[in-house]
Amino acid sequence: MAVAMAACSLGLHLSADNTLRPFEKTTILKALSISDATKSCYISHKTRLSSSSSGITMIPRATTVTGTVECGKQDGNQGEADTIPTPVVIIDQDSDPDATVVEITFGDRLGALLDTMNALKNLGLNVVKANVFLDSSGKHNKFSITKADSGRKVEDPELLEAIRLTILNNMIQYHPESSAQLALGAAFGLVPPKEQVDVEIATQITISDDGPKRSLLYVETADRPGLLVDLVKTITDINIAVESGEFDTEGLLAKAKFHVNYKDKALIKPLQLVLVNSLRYFLRRPETEESSF
């Protein structure tokens, strides 16, 4: 099937060599590649993005964390385990037409996140700390992010994935106990997750109408590096355009919502079936092995 992609607000297209490119020419401040950056850090992400197009670059952290991981605490209950909250990172492309909104939650353990903001700025981004609010799930830190060279929201999926991995990278560095709740912690954290997510069980895909001109695609599956880029590529490989959406990292799971269309129309049932089958095949085949990090 010919690889093509309609114009969409994410600003993505595939070039002749099947690589993702933004419609507008952007300059991304690149540092070391993910694989290179991880070789120079103690807690690092030697990530391999499964698609050949996933040339994400990340800025390594400036310092290395030392110390012990908080796995429990001694109190009057004879060492009752301290409950580690679920880390949540939300990348929201829908709520603000002019900026990418990022929300980070890790119970009440997050500090000022100045190092995270600086790491994002090193990706060529303008980062504004919008607000902090508390609820029953903890302290929520929300940022508005735009590209420094254009002042526009981030639409390139490779850069969006770099933002996500940078945030998770810093979370594991400054809150090592979070690695027990993150998929990346299996290879790079001081405390790996106790159990791995079964992709067969975890994967859920649904498509519903979102008006006459687009459909809403929901994907929930086991998280891994490069997932956002590869989901977009799998969708666009069958000529379905991705308009916008939201990508959430919730502990070991990734949850994505994409507004999609086919030639400016909602997906008809046969095309929905093709998309669901393509995504299930892609997500369930082994993409990452320990030796590939």
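**A walk from the strands to the helices**

Start at strand 6, where Lys139 is the bridge partner of Leu134. Keep in mind as you look around that this is a predicted model. Strand 5 (125-135) and strand 6 (138-147) run antiparallel to each other and pair over ten bridges. Follow the chain from one to the other and you pass through a hairpin, with two residues making the link between strand 5 and strand 6.

Strand 6 has another partner too. Strand 4 (100-105) pairs with strand 6, again in the antiparallel sense, this time over six bridges. To find your place in that pairing, look for Thr105, which stands opposite His140 of strand 6. How much of strand 6 is buried? Seven of its ten residues are, so the rest of the structure largely encloses this strand.

Helix 2 takes in residues 114-121, and its buried residues are Thr116, Met117, Ala119 and Leu120. These four span an arc of only 160° around the axis, which means they sit on the same side of helix 2. There's a handy bit of helix geometry to recall here: an α-helix has 3.6 residues a turn, so residues three or four places apart point the same way. What do the buried residues of helix 2 pack against? Their neighbours are strand 4, strand 5, strand 6 and helix 3.

Searching the whole structure turns up nine salt bridges, and a couple of others deserve a look. One of them joins Arg214 to Glu243, where the closest N and O atoms are 3.3 Å apart. Arg214 sits in the loop between strand 7 (204-209) and strand 8 (215-222), while Glu243 belongs to strand 9 (residues 241-250), so this pair ties together parts that lie 29 residues apart in sequence. Arg214 is partly exposed, with a relative accessible area of 27%, whereas Glu243, at 18% relative accessibility, counts as buried. Then there's Lys233, which forms a salt bridge with Asp237, the closest N and O atoms being 3.0 Å apart. Lys233 is buried too, at 14% relative accessibility.

Last, turn to a pair of helices. Two packed helices are described by the angle between their axes and the distance between the axes. For helix 6 (residues 227-236) and helix 7 (residues 269-284), the axes come within 10 Å and cross at roughly 145°. The crossing of helix 6 past helix 7 is right-handed. Which residues make the contact? Helix 6 brings Leu227, Asp230, Leu231, Thr234 and Ile235, and helix 7 meets them with Leu275, Ser278, Leu279, Phe282 and Leu283.

Methods. Residues are numbered from 1 along each chain as its sequence is written. This is a predicted model: local features need pLDDT of at least 70, side-chain atom pairs count only at pLDDT 80 or more; totals for chains, interfaces and linings use all residues. Side-chain values use heavy atoms; hydrogens and water are left out. A salt bridge is a side-chain nitrogen of Lys or Arg within 4 Å of a carboxyl oxygen of Asp or Glu. Buried means under 20% relative accessible area, exposed over 50%, partly exposed in between (1.4 Å probe, protein chains only). The arc is that of the directions from the helix axis to the C-beta atoms. Contact means heavy atoms within 4.5 Å. Two strands pair if DSSP finds at least two bridges between them. Axes are lines fitted to C-alpha atoms, for helices over the stretch in contact, and angles run from 0 to 180 degrees between N-to-C directions. A crossing is left-handed if the near helix is turned anticlockwise from the far one by less than a right angle, and right-handed if clockwise.
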